[in-house]
Amino acid sequence: THCTVVLDLHHSSYADDHFELAVSMAASIAAAAAIADVPLRMVAHGVGLQGPDAVARTMRWLALVAPLAAPSHIDLGAHGDGLSLLVAIGGEGSDTFINSIRHTAGPDDIVVALKAGEPELSDLEHFALLWSRWVDG
């Protein structure tokens, strides 16, 4: 079992400060993966962080990341063996991005799509409550 977080970096996918919220959601999921001792892979346009230090490298990268005007296509490549939680994070304008992630998911991938700024994900507190309901049941 492992967790892959895929973050949309396209600036036009986000309104207001929702990019920062999406980055915070990605960091929260990375931290949760570390706590649960689940291997993490962080993927974005031009970025693929994985391995034993993936969480630390992801946190450093997320602290500096900025939206891009014209990001390149994301290639998820091989996810690894076994069940995978594949979390696609974007904004209100990330439909194409999220659909492309869904289409590249394999049969062992559980895809969760999160759009920062939607009513149930309007701030980090709402996200934390929703995420704990998903994880804790």
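Overall shape, content and the N-terminal residue

The model is a predicted one. Along the principal axes, the C-alpha atoms fill a box of roughly 35 × 35 × 30 Å.

The protein contains 4 helices and 5 strands. Read from the N terminus, these elements follow the order β-α-β-β-α-β-α-β-α. Contacts between residues at least 6 apart in sequence can be sorted by their separation along the chain: 73% of them join residues at least 24 apart.

Of the 137 residues, 42% are buried. The accessible surface of the protein amounts to about 7100 Å², and carbon and sulfur atoms account for 56% of that surface. As for charge, there are 17 negative side chains and 6 positive ones. The centres of these two sets lie 4 Å apart.

The start of the chain can be looked at in more detail. Thr1 sits in the segment before strand S1, which covers residues 2-7. Is Thr1 buried or exposed? Its relative accessible area is 65%, and exposed means over 50%, so Thr1 counts as exposed. Leaving aside residues up to four places away in sequence, Thr1 touches Val38, Pro39 and Leu83. His11 is 10 residues from Thr1 in sequence, and the C-alpha atoms of Thr1 and His11 are 32 Å apart in space.

Technical notes:
Residues are numbered from 1 along each chain as its sequence is written. This is a predicted model: local features need pLDDT of at least 70, side-chain atom pairs count only at pLDDT 80 or more; totals for chains, interfaces and linings use all residues. Side-chain values use heavy atoms; hydrogens and water are left out. Helices (H or I, at least four residues) and strands (E, at least two) are DSSP runs, numbered from the N terminus. Buried means under 20% relative accessible area, exposed over 50%, partly exposed in between (1.4 Å probe, protein chains only). Contact means heavy atoms within 4.5 Å. Accessible areas come from the Shrake-Rupley method with a 1.4 Å probe; for residues, only the protein chains shown count as cover. Lys and Arg count as positive and Asp and Glu as negative; His and the chain ends are not counted. The place of a charge is taken as NZ of Lys, CZ of Arg, CG of Asp or CD of Glu.
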